[in-house]
Amino acid sequence: MNAPVSFDQESARKAGRERLVVIGNGMAGCRAVEELLERDPDRYSVTIFGAEPRVNYNRIMLSPVLAGEKTFEEIVINGQDWYEDNAITLVSGDPVEHVDCANRSVISASGRVEPYDRLIFATGSDPFIIPVPGKDLPGVVTFRDLDDVDRMLCAAEKGGDAVVIGGGLLGLEAAHGLSLRGMNVTVIHLMPTLMERQLDEAAGWLLKEELERRGQTILISADTEAILEKDGHVAGVRLKDGREIPADIVVMAVGIRPNVALAKAAGMEVERGIVVDDHMVTSDPAVLAVGECVQHRGACYGLVAPLWEMCRALADGLTDRPSGYQGSVTSTKLKVSGIDLFSAGDFSGSDGSEDIVMRDAARGVYKRVVVQDSKVIGAVLYGDTADGNWYFDLLKKGEDISDIREALIFGQAYASGGALADPNAAVAALSDDAEICGCNGVSKGKVVACIDAGAHSVDAVRSTCKASASCGSCTNLVEGLLAITLGEDVESGPKTMCKCTSFTHSDVRRLILEKELKEIPQVMQELHWTTPDGCSSCRPALNYYLLCAWPGEYVDDQKSRFVNERLHANIQKDGTYSVVPRMWGGLTNPKELRAIADAAEKYQARTVKVTGGQRIDLFGIRKEDLPAIWADLNAAGMVSGHAYGKALRTVKTCVGSEWCRFGTQDSTGLGVKIERMTWGSWMPHKFKIAVSGCPRNCAEATIKDFGVVCVDSGYELHVGGNGGIKVRATDLLCKVETEEEALTTCAAFIQLYREEAHYLERTAPWVERVGLDYVKSRMFDEADAVAKLAARFRISQKYSQIDPWAQRAGGDRKDLHTHIGEVRPLQMEDVL
């Protein structure tokens, strides 16, 4: 359990604050508190209990995390600083187990008793598990939180077959993520149409065709009979028609149920959900409820937009403002990369309703708008969703569309007589209460107010009111509002380094040199940082920029590094560590192998694995054993492999001309020389090198940050490759004749990347951003540019090639012990 974020609650009570306790640290609970703080920040002393040992994050963005499109840090809504800045006590990893309404207090699993004047239930929902044999087998998972994502990622690492039961919104997003991770995915759906609550038959068919084109198997009208077992683990799924589908993991995504057990035990009125009135008050006047656990006027909601509307009504009620929740009209967007899908309202059809349909087979577009009594009551869009917000606005307001009936299906621009062909004009025509960001419930009026208050970039708008901060599908609308309000130049304005500053990464790097700034506090003061100590985004970046700018002068600030770099080992999901010694150019010898084997046995490494970078990884090492295993490996002549760092990782080689009949040069020897030259160097991001002995490219040099391909006449030098989720082949930088030229050019390219890339920017996106021609001009337009860059790199290396394992094993362990004591598995910074 994480320690609570503490503040002087007694002082708060003496100041006359009411005690507000929130059960649930998720999106609804924290949004309710945000709305309260916006209205009356000094009224309540707030304590939030969360079952998960984490800060508040955006659950609807778990799908991009699973797909590898976002990191956990990128979906955090409220970081630790938010709780501290607003004097909120966060009790995470310690769920409330009992509510004593008579004495107005809650009791957590650890026995903590917290009194309240007002209590908010924000307990969310639980996944529905279909009651079939095998549902409790290892390998059967749900898809509701980050732990579920971790379980799916572990399964995906092994490859194999995945079965997703449920073809609704969540199931399809899980299937997409697992498919991108390399698994063979089968979706089993009971109904004849995918996402039948959001799509009609035509749109459902188009979606099915597209998913099957992407390699997924979609089984509709398929009923699960049992989950099969082999050797104590899930092995497959059997359908009622007798078909059996193999599975190494089964994801249950068939639906959710309001989590009402705690409220029911406390005596609240409960039906399907916790029954509330229009002010979100339960049957106990001192207790409120909000979110997916709620039942309002007989309806329960599982989408995010109603949550925001509930939170506004709840906050109005708790701050004595006349308001009330009237229920929600909902819309849906599918968060599967490359599929544009939108639906809203009632499209089931009824007496008196009329369908307006447009199909464009060549573009894969299907649009259907349902009209009744000259009003839009429903819409389904597939392939072109640009007008989704407009249709949704017409639907919610019940506007008469008689005058635009004939052009309605062609969208807002045509329906307005062509006057809105400019997309910014279309945004301008939206009403102030039109929804811009569905993920975070932000209206046009709120975005414009943020811009007027000084948020003059997309990033500033995101950090102020959260519009476009989640899935990003409304970014074009936010850009349009910026352009309308401030002028066209805002649309292409550079992204700021983080919410703490108005400067870009490039600005900060330039000003550090121009102003000779040599300490993090000095940078923050001179560049007018808006936060006292920065944040988890800017502090590691500033630490690196100063380290790169002032080698030998700036002292590395360990507390500004990510946890893996502080500990010089990779933290794993169970709290143990992996240790990777360096193997120069992929070479080893019996002495090193014996030392690795002895260390694996002595320190009980649970897994010993050969890595893709031609090294050996020891998993399951306890934190208290790190200095000792480092000492043992050091004694065999081995140093840290920096597998944990934004640094040189490996130099992968093939055997080259020494052994291979196709080899043209000594690729292994050159690889060893390159690695001995570059090891220990800190970079904007991890950096991988490879040397292939001939164009057959066995070392995969053309998907590395820097690659050497040996040819008869010398060496082809390649840059900017990546072999991860987004594969990118390298660009040819140049050809050289000698090893010395190859080494010098390698050093020069690395230094240019070190000096000019943004922190956490790999070489592939950096080269794409600045262009290969720019890189070549910086290196080759001046006759001595390569030599100067290489010289600066070698000067920097004088202060970087210090083995951190030897330092710690040799007795300099203060930093290690300090930070080991602070580490908790799977915090947001650790995921990076």
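1. Glu225 is partly exposed, its relative accessible area being 35%, where buried means under 20% relative accessible area, exposed over 50% and partly exposed in between (1.4 Å probe, protein chains only). Its side chain meets that of Arg238 in a salt bridge at 2.9 Å, N to O, the term standing for a side-chain nitrogen of Lys or Arg within 4 Å of a carboxyl oxygen of Asp or Glu. This pair links distant parts of the chain, with Glu225 in strand β15 (residues 224-230) and Arg238 in strand β16 (residues 233-239), 13 residues apart. Arg238 is likewise partly exposed, at 26%.

2. On the basis of these values, please note that this is a predicted model, in which local features need pLDDT of at least 70 and side-chain atom pairs count only at pLDDT 80 or more, while totals for chains, interfaces and linings use all residues. Residues are numbered from 1 along each chain as its sequence is written, and side-chain values use heavy atoms, with hydrogens and water left out.

3. The structure holds 53 salt bridges. One of them joins Glu18 to Arg43, with the closest N and O atoms 3.4 Å apart, and this pair links distant parts of the chain, since Glu18 lies in strand β1 and Arg43 in the loop between α2 and β2, 25 residues apart. Glu18 counts as partly exposed at 24% relative accessibility, and Arg43 is partly exposed at 21%.

4. Arg112 and Glu114 also meet through their side chains in a salt bridge, at 3.3 Å from N to O. Here Arg112 is partly exposed, with a relative accessible area of 25%, whereas Glu114 is buried, at 6%. Elsewhere, a network of salt bridges links Arg31, Glu35, Arg39 and Asp316.

5. An open sheet is formed by 5 strands in the order β5-β2-β1-β9-β21, with parallel pairing; strands are DSSP runs of E of at least two residues, helices runs of H or I of at least four, numbered from the N terminus, and two strands pair if DSSP finds at least two bridges between them. Its edge strands, each pairing on one side only, are β5 (89-92) and β21 (287-289).

6. Strand β2 (residues 44-50) runs parallel to β5 and is joined to it by 4 bridges; Ile48 has Leu90 in β5 as its bridge partner. Helix α2 (residues 27-39) packs on the sheet, touching β1 (18-23) and β2 (contact: heavy atoms within 4.5 Å), and its direction makes about 170° with that of β2. Such angles run from 0 to 180 degrees between N-to-C directions, with axes fitted as lines to C-alpha atoms, for helices over the stretch in contact.
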